[in-house]
Amino acid sequence: MLGCPNYQLLSLVLILLLITVDPSSQESRVKSGVFLSPAFVLEPGSVSNKFYFNIGFPKGHIAIKNFDAEVVDEAGNAVPLYETYLHHWVVIRYYNRKGVEVTKYHDDLGFHQSDFIVKRNSGICGGGLSQYFGLGSETRKTITYVPDPYGIEVGNPVEVPPGYEEKWLLNVHAIDTRGAEDRLGCTECRCDLYNVTKDEHDRVIEPDYIGGLRCCYDETRCRVKDGFQGSRRSLYLKYTVKYIDWEASIVPVKIYILDITDTWKKPEKSTATVSRHHCQV
């Protein structure tokens, strides 16, 4: 470059900057969709644990960059956890046979059925934890942004079985702790506070089962203080999906959910690979 005029060097630098700083980066093409779940009605002490099929979700072959959710009231205001405890929320991807409406919750989510196929995440759990997004109340304000050049690929028509279409379902488990006699006990689903002896499947709850999901199922009620009065109110899960249209330059990200209560152990001297584990959730 000896003898090269200064203006030519400056031009070369500008060209290199234009190549390096791509104005069409993923961030500049991110779209956003804001959705509300169907309303769930709560009053002091009550529990809602419902499944909503075919929820609103961005269409097409896309890369998800971010997914946030929180409970809001009818005015759109965020509801604090000390009033409505979000035990868990999960968003599950599934394939639905065209022309067939799935209207009820299936206990064996994750197993193939004639009209309903769950598209699990890439984790190793064989039973539950099949969701793409959501866990417990700690997810509020947890950063889930997927940086460039990565994205969570969904909506790829090649992956959808013939005769089916991709849809999404939402499960929201919320506990109204206003006026609770023992707010912590209600959020921990202590069985004595819910006054139940059988779970939602009419199975007797063992005496050594102190608390957990089997005691705070849909339409149960946690004990509230004598004389406490509180209004019934409609709440929603508000969720925001940020995404971009899929293209070949995006590196696909897989979702793995691990469970500390996984009881599977590899047999000694075994070289076999077990694809699913006995996660206890």
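Are Phe53 and Phe116 buried or exposed? I find both Phe53 and Phe116 buried (under 20% relative accessible area with a 1.4 Å probe, protein chains only; exposed is over 50%, partly exposed in between).

Ground rules for myself: this is a predicted model, where local features need pLDDT of at least 70, side-chain atom pairs count only at pLDDT 80 or more, and totals for chains, interfaces and linings use all residues. Residues are numbered from 1 along each chain as its sequence is written, and side-chain values use heavy atoms, with hydrogens and water left out.

Next, ring pairs (Phe, Tyr and Trp, the last by its six-membered ring, with centres within 6.5 Å; planes under 30 degrees apart are stacked, over 60 edge-to-face, the rest tilted). I searched the whole structure and got 11 aromatic pairs. Phe53 and Phe116 have ring centres 5.6 Å apart and planes at 70 degrees, so I logged them as edge-to-face.

Phe57 and Trp168 are a stacked pair, because their planes sit at 15 degrees, with centres 4.1 Å apart. I noted Phe57 as buried at 7% relative accessible area and Trp168 as buried at 3%.

Ring pairs also join a cluster that includes Phe57, Phe67, Trp89, Phe133 and Trp168.
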